[in-house]
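Me: I would like to learn how to read aromatic contacts in a model like this one. Could you take me through them step by step?

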Amino acid sequence: MRILIIICFAFLNINMTNDVHESISATFNVIKRGHVLMLEIEFDEENFIKFGESSSLHVSKEDFGNYLNKTTSWEFDGKKLIPQILDVQSGEHHTKVTCFLSKNPDNIKSVKIKNEFLLNVASHSNIVQLDINNTFKDFRLHKGRKKISLNYN
């Protein structure tokens, strides 16, 4: 009887942990593709709908673009860039957004990024990945660190 009870609790625990996220984060990947600079963002759709000022139960280009521009800023070589939303793809739990940042991003010398995306979610972090100038760098931004500045010399 004792073994049966232990097995039942084990199955309950396995079933209850299937939908739990180990970490709460969004990933922002800035990457040079050919002659353009792109921004690819992946985040938890449920958190965006709850905390991202969404007007519907799905992530729309308009709502996402407004929230992204309100909570982030992107500056490359002293020029502020506004991400242009190209595509929004929703999966089971996550959404991936593809944005255009700029043409001809050759030899970028400086980068300044401010990112407060979904920082109203408890324990949330934003992972910013920069794959530019043949160099890969990544940074964890959170409530205590919202900005990064880099010089590529």
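Me: How many aromatic pairs does the count come to?

Reply: A pair of aromatic rings is described by the distance of the centres and the angle of the planes. Here rings of Phe, Tyr and Trp (its six-membered ring) pair if their centres lie within 6.5 Å, and planes under 30 degrees apart count as stacked, over 60 as edge-to-face and the rest as tilted. By this rule the count comes to ten aromatic pairs. This is a predicted model, in which local features need pLDDT of at least 70 and side-chain atom pairs count only at pLDDT 80 or more, while totals for chains, interfaces and linings use all residues. Residues are numbered from 1 along each chain as its sequence is written, and side-chain values use heavy atoms, with hydrogens and water left out.

Me: What kind of aromatic pair do F28 and W74 form?

Reply: F28 and W74 form a tilted pair, 6.1 Å centre to centre with 40° between the planes. F28 lies in strand β1 (residues 25-33) and W74 in strand β3, so the pair ties together parts that are 46 residues apart in sequence; strands here are DSSP runs (E, at least two residues), numbered from the N terminus, as are helices (H or I, at least four).

Me: Are F28 and W74 buried or exposed?

Reply: Buried means under 20% relative accessible area, exposed over 50%, and partly exposed in between (1.4 Å probe, protein chains only). F28 is buried at 0%, and W74 is buried at 1%.

Me: Which residues do ring pairs link into a cluster?

Reply: The cluster consists of F28, F43, F48, F64, Y67, W74 and F117, linked by ring pairs.
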